[in-house]
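Biologist: Before we discuss particular residues, could we look at the model together and settle the terms as we go?

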Amino acid sequence: MTRQAIMGTYVLYEHVFGVNCPLSGRGPGGANGATANGGGPMRPRRALVLPLVLAALAATGSAHAAATARVAALQVGLYSHGLYRGPIDGIAGPATRRAVRRLQLRARIAVDGVPGPQTRRALGRFGRHPFGSRPLRRGRIGWDVAALQFELAAHGFPSGALDGILGARTDAALRRFQKWSAVRVDGVAGRGTFAALAAPPPRPTLRLSWPIQPASVGSPFGPRGDRFHSGIDLVAPKGTPVYAARGGKVVWADWAEGGWGFLVVVDHGDGERTWYAHLSRIDVRKGVWLDVGVRIGAVGATGDATGPHLHFEVRVRGASVDPLLALP
């Protein structure tokens, strides 16, 4: 990433988040980066902070560490206007900035790639209502709904397309999250729900083994297009053996509607389950107790699958979590 791209990202973050970044030179001291007490430019501080931020990005290994619901809401608004076709991933990268500039050019406002108030107004209904500014219920549309959808997905309750519209699927995901987080289950995102979403997303607590050997991850957990992938796809030829990732009890071993195809679900206790979808065959039955490494089926392409692979999920009390966090 070039220094120019990094600086542009920080300026975008300032306007989306409403905070000042010392790297952008747009802090409390004004455009020239003067100190708050009227001193000179803050070049030493910028020189110090830039390497630290670059080191932090390198340490994470991915820009996903900077993903936020507010940037995701911006991306949804841009997507709704046909200006952005990247993933709704909450990352203020170059593609998002280019889309902002295209919107500004279309709206005949200053073209600077920064989503300020005028740019937000140009998004229409998808640029209105900051997240948490009003209760959200079925039928609502706006910036805050898109942010809610992204937060629900990040906490393990994806709701289909991230589109800024609180429809039936988002309502169902909201109610599941409310039940999971022990707040009032009423389908209305209010203070209790917002507070619960402010907590860190769940993580797996048990160690697992790879269900396929060797394993090749074709699609990871997380944002994928305008949706959120709730597991990982392990690519392998049809018929490749699939093994239990940990010992437990089989609680489902049958065809499952909703795109799963032939599906096996194993309960490992402590509220944690693993899901094995799109199987070509099932080699276990419901109610059987398994040890780790027992064959449960074979890779296939049943259900909503475009080619042979294993869709592998880990759920903690019903919330989808990244399986890679539990795998060696």
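Modeller: Let us begin with burial: a residue is buried under 20% relative accessible area, exposed over 50% and partly exposed in between, with a 1.4 Å probe and protein chains only. This is a predicted model, in which local features need pLDDT of at least 70 and side-chain atom pairs count only at pLDDT 80 or more, while totals for chains, interfaces and linings use all residues. Residues are numbered from 1 along each chain as its sequence is written, and side-chain values use heavy atoms, with hydrogens and water left out.

Biologist: What percentage of the residues in the protein is buried?

Modeller: The protein has 328 residues, and its secondary structure comprises 8 helices and 13 strands; these are DSSP runs numbered from the N terminus, helices being H or I of at least four residues and strands E of at least two. By the burial cut-off, the buried share of the residues is 46%.

Biologist: What share of the contacts with a separation of 6 or more joins residues 24 or more positions apart?

Modeller: A contact here means heavy atoms within 4.5 Å. Among the contacts in the protein with a separation of 6 or more, the part that belongs to residues 24 or more positions apart is 53%.

Biologist: How much space lies in the largest pocket?

Modeller: The search runs on a 1 Å grid over the protein atoms alone, where a cavity is a set of points at which a 1.4 Å probe fits but cannot get out, and a pocket is an open set with protein on both sides within 12 Å along at least five of seven lines. Grid points are joined across faces, edges and corners, and the volume is the space filled by probe spheres set on the points. For the largest pocket that volume is about 880 Å³.

Biologist: Which residues are closest to the centre of the largest pocket?

Modeller: Lining residues are those with an atom within 4 Å of a point, and the largest pocket has 28 of them. They divide into 8 charged, 13 polar and 7 nonpolar residues, where Ala, Val, Leu, Ile, Met, Phe, Trp, Tyr, Cys and Pro count as nonpolar, Asp, Glu, Lys and Arg as charged, and the others, Gly among them, as polar. Closest to the centre are F228, S230, G258, W260 and E313.

Biologist: Which element gives the largest share of the lining of the largest pocket?

Modeller: Domain 1 (69-198) and domain 2 (217-325), with bounds from an automatic or database domain assignment, both contribute lining residues, so the largest pocket lies between them. Two or more lining residues come from each of α7 (168-180), β3 (227-229), β8 (272-279) and β12 (309-316). The largest share, 4 residues, is given by β12.

Biologist: What separates the C-alpha atoms of G231 and E313?

Modeller: G231 is in the loop between β3 and β4 (232-235), and it counts as buried because its relative accessibility is 0%. Not counting residues up to four places away in sequence, G231 touches residues including H311, F312 and E313. Although G231 and E313 are 82 residues apart along the chain, their C-alpha atoms are separated by 4.4 Å.

Biologist: Is F228 buried or exposed?

Modeller: F228 is found in strand β3, and its C-alpha atom is separated by 8.4 Å from that of F150, 78 residues apart along the chain. Leaving aside neighbours within four places in sequence, the contacts of F228 include A153, A154 and F221. With a relative accessible area of 14%, F228 is buried.

Biologist: Which peptide bond is cis, with omega near -10°?

Modeller: Most peptide bonds are trans. The exception here involves P214, in the loop between α8 (191-197) and β1 (217-219), and the cis bond runs from Q213 to P214.

Biologist: What is the phi of R317?

Modeller: R317 lies in the loop between β12 and β13 (319-321) and counts as exposed, because its relative accessibility is 51%. Its phi is positive, in a residue other than glycine, with a value near 50°.
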